[in-house]
Amino acid sequence: MTVRHPGEVMGSRKPTMADVARHAGVSLKTVSRVVNQEPHVRASLQARVQAAISALGYRRNEAAARLARGATMLTLGLVMENISNEFYSRLAAAVEAAAAEHEALVVFGSYEESSDKERMLIESMYARGVDCLIVVPSAADHAWLAEHASLTTVFVDRVPPGLEAADVVLLDDVWGGRTATEHLLSHGHRRIALISDDDGVSSVHDRATGYRTALAAAGVAAEEELVVHGVFDPRRVAYEVARLLDLPSPPTALFATNNRAAIGILHALRERPERPAYVGFDDFALADVFNPGVTVVRYDTARLARSAVDLLLNPSRAARRMKVPVELVPRGSGELPPPFRPTMG
């Protein structure tokens, strides 16, 4: 069984100008003139077209409009943490596919966990004339981006420090962290470890908040000796997991806040006799091949990308926050019971 976020709604085909024309009972040319704000359109026709646009939820394709005016192809810059991470490679492919629907080109840059390189990439793209940006921000302060206010930017997965009023597309990280932890609690676990990276990143912080919220709701104390922060590399995660399992009172379950941490847990358990339960945040290739399969919190990467591209192509003066739902996918690792420990008498 898959546990879905309660607010999840399936998408549908986007309405076109032809749909608006049929709904309003006017010609396609009239719709085009209204959408492109051309002069000398009767007020009554404008009202009919605008009413049809509102009823259908039509949005103008800014990239196509740009080409129609004789301008060059719209170029989107995508700046990410590390393209070698499966999350980012999937996101890059999804952004490219979403941009292609608008006949837009995407250029990529990976800052490899260096905030200095992140700034260099963004400023380089700005200097080379990219039209807009999608950024997965680092934990560093991003107030300096206000210098490039003319460059429309949407942030993905994380709130950029120093730019809290920016357009951001987020996952429902608190809900995901809470659901993962509640799942482990429901299978009898009370000593649940948290394995995460930089707590200064909003998504990591929110997933940890969900973890702590679930424990508190169950009346279980969050024990700091079971919390690991700041681990990025799966090999370091494996070391920390082994350290936790060697404690006098080890955890019986683990919650990993990203795919690298989940992979690190798998590395650690290869040579261990223990079989703690664990849930990862982010799906990854082969997660359903292991025995048991890896229980994960996953989401629709394509929806994440489309939401970001839609915000870019429909700019607004007011900052917007979009939240993409997540779902728990049980595959076996999160359903393992705590080990039986007979009491001494």
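Strand β2 is largely enclosed by the rest of the structure, because six of its six residues are buried. Here buried means under 20% relative accessible area, exposed means over 50%, and partly exposed lies in between, with a 1.4 Å probe and protein chains only. Strands (E, at least two residues) and helices (H or I, at least four residues) are DSSP runs numbered from the N terminus. The model is a predicted one, in which local features need pLDDT of at least 70 and side-chain atom pairs count only at pLDDT 80 or more, while totals for chains, interfaces and linings use all residues. Residues are numbered from 1 along each chain as its sequence is written, and side-chain values use heavy atoms, with hydrogens and water left out.

The neighbours of β2 come next. Strands β2 and β3 run parallel and are joined by six bridges, with Val 79 standing opposite Gly 109 in β3. Strand β2 (residues 75-80) also pairs with β4 (residues 132-135), again in the parallel sense, over four bridges. Within β4, Leu 133 is the bridge partner of Gly 77, and Ile 134 is that of Leu 78. Two strands are taken to pair if DSSP finds at least two bridges between them.

These pairings belong to an open sheet of six strands, in the order β3-β2-β4-β5-β6-β12, with parallel pairing. Its edge strands, β3 (105-110) and β12 (321-324), each pair on one side only. From one strand to the next, the twist averages 20°; axes are lines fitted to C-alpha atoms, for helices over the stretch in contact, and angles run from 0 to 180 degrees between N-to-C directions.

Some loops also deserve a visit. Asp 157 is found in the loop between β5 (152-156) and β6 (167-171). Its phi is near 80°, a positive value in a residue other than glycine. Asp 157 counts as buried because its relative accessibility is 5%.

Leu 286 is not a glycine, yet has a positive phi of about 70°. With a relative accessible area of 54%, Leu 286 is exposed, while Phe 290 counts as partly exposed at 37% relative accessibility. Together with Val 289, these two residues form a nonpolar patch on the surface, with about 300 Å² of accessible area.

Patches are made of residues with over 30% relative accessible area and no salt bridge, joining nonpolar side chains (Val, Leu, Ile, Met, Phe, Trp, Tyr) within 5 Å and like charges within 9 Å. A salt bridge is a side-chain nitrogen of Lys or Arg within 4 Å of a carboxyl oxygen of Asp or Glu. Accessible areas come from the Shrake-Rupley method with a 1.4 Å probe, and for residues only the protein chains shown count as cover.
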